[in-house]
Amino acid sequence: MASAASATRSRAPSGPVKFLRSSIGAKSVMALTGLILTAFVFGHMVGNLQIFLGPEPINRYGHFLQSLGELLWLIRFVLLATLIVHIASAARLIVLNRRARPIAYVLDDSVQVTFAARTMPWTGMILLAFVVYHLAHFTLGTVQPELFSHHDELGRHDIYAMVVLGFQDWFVTAWYVVANALLALHLSHGVSSLFQSLGVTTPSLRWPLVDLAGPAVGTAVLIGNLAIPLASWLGLLELPYGAM
Ligand code: HEM
């Protein structure tokens with residue numbers, strides 16, 4: 001009996017594994033990976049906004065990224081791994097929360113949960129579908145293949161034409177608008193709560209700026225990411241190749 005008990009004890013996770021499987025561990029991992037993904041979204045948005053400067057800067061930028069070669073593949077690998085770990089820790093937290101509270105509250109006025117917080121799993125799943133679509137659209141060129149083969153006069157991939165012509169399709173534009181609005185909602189809760197998960201704020205020590213950080217990042221991403229499809233669709237960006 002004693003030896004069976006000690007065998008069970010020795011198989012029980014300990015140290016870092018125990019921490020990662022705990023609720024606090026899963027929250028910390030979700031916060032760290034969320035921070036990395038937010039930094040990518042922000043950087044990607046700033047890079048994309050160069051489209052308002054005309055075809056030259058955005059095509060040069062795209063060419064520069066492609067010229068990174070193996071480093072680009074390393075960045076892609078890190079991003080993909082970060083996304084997978086972010087989703088896995090979200091799933092772990094949902095399971096742990098269900099185990100801790102098997103019967104859902106019917107109505108609890110003492111707990112103020114915002115719409116953004118309640119919908120995090122749903123906005124997260126729709127965003128995952130958007131990322132798959134987006135990669136098929138602009139990285140693999142399978143959504144609008146006729147727009148993927150354009151090259152500018154310097155022989156570079158014509159990203160300006162691909163994006164501006166791509167958003168002439170109302171369905172594509174509408175899907176980007178919906179997905180990026182949900183991304184803004186996801187970030188508006190996620191960015192503020194990651195500070196709490198990382199211990200920067202506690203219920204007794206709140207920094208007002210931290211509460212504002214989420215909505216501020218969400219609003220910036222909303223404006224920046226919606227500007228491109230909407231400006232293209234509304235004809236505010238010059239159409240290449242004399243397209244009508
Ligand atoms: C209106 C908003 C957006 C526009 C106009 C846009 C535009 C683009 C373009 C043109 C590329 C291809 C770059 C190239 O070929 O060099 C690209 C790649 C990518 N975008 Fe976006 N993007 C938008 C929003 C997003 C969002 C919200 C996410 C993530 C949540 C995202 C994630 C990615 C990823 C992961 C890639 C692949 C990068 C690679 O090739 O390794 N994008 N995007």
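Along the sequence, the protein chain runs α-α-α-α-α-α-α-α-α-α-α. The model is predicted; local features need pLDDT of at least 70, side-chain atom pairs count only at pLDDT 80 or more, and totals for chains, interfaces and linings use all residues. Residue numbers start from 1 along each chain as its sequence is written.

**Exercise 1.** State how many helices and strands the protein chain has.

Solution. Take the DSSP runs: helices are H or I with at least four residues, strands are E with at least two, and numbering goes from the N terminus. The count is 11 helices and 0 strands.

**Exercise 2.** Find where confidence is lowest and highest in the protein chain.

Solution. The chain mean is 90, and 89% of residues reach 70 or more. Helix α1 (residues 2-11) is lowest, at a mean of 50. Helix α7 is highest, at 98.

**Exercise 3.** Describe the shell around the ligand.

Solution. Step two: assign elements. Two or more residues each come from α3 (23-48), α4 (55-67), α7 (120-139), α9 (159-166), α10 (170-197) and α11 (208-233). Helix α7 gives the largest share, 5 residues. Step three: sort by class. Nonpolar means Ala, Val, Leu, Ile, Met, Phe, Trp, Tyr, Cys and Pro; charged means Asp, Glu, Lys and Arg; the others, Gly among them, are polar. The shell splits into 11 nonpolar, 7 polar and 1 charged.

Notes:
A residue is near a molecule or strand if its C-beta atom, placed from the backbone, lies within 6 Å of it. pLDDT is the predictor's confidence in each residue, from 0 to 100.
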